[in-house]
Amino acid sequence: MRVDVDEDRGGASVLLLAVGIAFVLFGTAGAAVAATRVARQHAGVAADLGALAGAGDAVRGGAAACASAASVVSDNGGRLVDCRLDGLDVLITAEVTVTPMPGLTRVATARARAGPVRAGAATNGAGGGARPS
């Protein structure tokens, strides 16, 4: 019995093509995940800066504080979803929309709070407390 060698020609090409397509698909999925994570960080930065800007104008009232926050959030590529005053603290929610792949749109949301430092506030472990012996 004789095996014809021509029957096996091209098998390696098909296998190599399948492996190449798998690499492209995994790479695209990884890029989509990375873009979504970057959007989450982007939303956090926009929210933090917006809250700080709003806190600077909190003494002028909620409308002025939220207008400042909305302007800064917008300048940082986000959209202000919620803004309110709690005393002199400004609490905002910002979102950033990202399209990591055609047909796939995600929204990253972040919240931030900013206001004046209060007397006797915690120092985040930077001292000012009894240490166990």
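1. The buried residues of α2 pack against α1, β1 and β2, and those buried residues are A64, A65, C66, S68, A69 and V73. Here buried means under 20% relative accessible area, exposed over 50% and partly exposed in between, with a 1.4 Å probe and protein chains only. Helices (H or I, at least four residues) and strands (E, at least two) are DSSP runs, numbered from the N terminus, while contact means heavy atoms within 4.5 Å.

2. Please keep in mind that this is a predicted model, in which local features need pLDDT of at least 70 and side-chain atom pairs count only at pLDDT 80 or more, whereas totals for chains, interfaces and linings use all residues. Residues are numbered from 1 along each chain as its sequence is written, and side-chain values use heavy atoms, with hydrogens and water left out.

3. As to the overall layout, the protein chain has two helices and three strands, which follow the pattern α-α-β-β-β along the sequence. Of its 133 residues, 24% are buried, and among contacts with a separation of 6 or more, 44% join residues 24 or more positions apart. The accessible surface, from the Shrake-Rupley method with a 1.4 Å probe and, for residues, only the protein chains shown as cover, comes to about 9,400 Å², and 59% of that belongs to carbon and sulfur atoms.

4. After α2 comes G77, which has a positive phi near 85 degrees.

5. Which residues of α1 are buried? They are A32, A39, A43, G44, A46, A47, G50, A51 and G54, and their cover includes α2 (62-75), β2 and β3 (104-114).

6. F23, by contrast, lies in α1 (residues 11-56) but counts as exposed, because its relative accessibility is 62%. Together with L15 and V19, F23 makes a nonpolar surface patch of about 330 Å². Such patches are made of residues with over 30% relative accessible area and no salt bridge, like charges being joined within 9 Å and nonpolar side chains (Val, Leu, Ile, Met, Phe, Trp, Tyr) within 5 Å; a salt bridge is a side-chain nitrogen of Lys or Arg within 4 Å of a carboxyl oxygen of Asp or Glu.

7. Strand β1 (residues 79-86) pairs with β2 in the antiparallel sense over seven bridges, where pairing requires that DSSP finds at least two bridges between two strands. Within this pair L85 stands opposite V90 in β2. The hairpin of β1 and β2 has two residues between the strands, and G87 takes a positive phi near 70 degrees there.

8. Is T93 buried or exposed? This residue of strand β2 (residues 89-101) counts as buried, because its relative accessibility is 11%. Neighbours within four places in sequence aside, T93 is in contact with R79, L80, V81, D82, T109, A110 and R111.

9. T99 is also found in strand β2, yet T99 is partly exposed, with a relative accessible area of 48%. Not counting residues up to four places away in sequence, T99 touches L104 and T105. The C-alpha atoms of T99 and A39 are separated by 9.6 Å, although the two residues are 60 residues apart along the chain.
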